[in-house]
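Dear colleague,

I am passing on to you the structure we spoke about, together with a short account of what was found in it. Please have it open beside this message as you read.

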Amino acid sequence: MILVSACLAGEPCRYNGTGYLCPEVGGLVSSGQALTVCPELLGGLAVPRSPAEIIAGRVVTVDGEDVTDAYQAGAQLALKLAKQAGCQTAILKARSPSCGCGKIYDGSFSGRLIPGDGVFAALLKTAGIVVQTEEEIIRDE
């Protein structure tokens with residue numbers, strides 16, 4: 001079983017109320033090979049919600065609200081689901097403050113990227129789960 005960001009399966013759970021269907025991920029889900037999770041929803045955040053970025057180790061919305069606790073709680077719940085399903089790999093949404101892996105937005109809400117991982121991606125890595133983004137699986141084919 002592969003863990004995947006729910007938005008990559010087309011579920012409308014992104015901050016702006018949209019999904020981001022990745023055909024490769026959709027195929028894994030439809031064939032029963034993937035478990036979809038959205039750590040932000042699991043953490044109690046609404047759809048739609050204000051965009052958020054990581055600033056000095058905290059997740060903060062463009063409006064200045066600190067939503068770190070919700071991101072961390074959702075990441076913990078999603079990790080629990082991943083472990084229960086036996087997931088050893090994950091395909092997560094690139095650049096997200098939850099799921100970004102290797103590159104995330106710099107906290108200025110300007111679209112600039114910096115090296116780093118989102119809250120959930122970092123937790124998965126710590127738990128020994130191999131994490132990649134949809135951009136990596138598309139490039140690897």
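Predicted model: local features only at pLDDT ≥ 70, side-chain atom pairs only at ≥ 80, totals over all residues.

The largest pocket has a space of about 470 Å³ and is lined by 25 residues, with R14, Y15, R95, S96 and P97 lying nearest its centre. The elements that give two or more residues to this lining are α2 (39-42) and β3 (52-55). Its lining residues divide into 15 nonpolar, 4 polar and 6 charged.

Turning to the charged side chains, the count comes to 6 salt bridges, and three of these deserve a description here. One of them joins E134 and K93, with 2.8 Å from N to O, and it links distant parts of the chain, since E134 lies in helix α5 (residues 134-140) and K93 in the loop between β5 (89-92) and β6 (101-105), 41 residues apart. Are these two residues buried or exposed? E134 has a relative accessible area of 1% and is therefore buried, and K93, at 7%, is buried as well, because buried means under 20% relative accessible area. The charged end of K93 also sits over the ring of Y20, 4.1 Å from the ring's centre.

Another salt bridge is formed by R49 and E40, whose closest N and O atoms are 2.4 Å apart. R49 counts as buried at 13% relative accessibility, and E40 is buried with a relative accessible area of 8%. In the salt bridge between D106 and R112 the closest N and O atoms are 3.1 Å apart, and here D106, at 24% relative accessibility, counts as partly exposed.

As for aromatic rings, the count comes to 0 aromatic pairs.

Finally, in helix α4 (residues 119-126) the buried residues include V119, F120, A121, L123 and L124, and just after α4 there is G128, which takes a positive phi of about 85°.

With best wishes

Notes
Residues numbered from 1 in each chain as written. Heavy atoms only, no water. Buried < 20%, exposed > 50% of the residue type's maximum accessible area, 1.4 Å probe, protein only. Helix = DSSP H or I, 4+ residues; strand = E, 2+ residues; numbered from the N terminus. Phe/Tyr/Trp six-rings, centres within 6.5 Å; stacked < 30°, edge-to-face > 60°. Lys NZ or Arg CZ within 6 Å of the ring centre and 35° of its normal. Salt bridge = Lys/Arg side-chain N within 4 Å of Asp/Glu carboxyl O. 1 Å grid on protein atoms, 1.4 Å probe; cavity = no way out; pocket = protein on both sides within 12 Å on 5 of 7 lines; lining within 4 Å. Points joined across faces, edges and corners; volume = space filled by probe spheres on them. Nonpolar A, V, L, I, M, F, W, Y, C, P; charged D, E, K, R; others polar.
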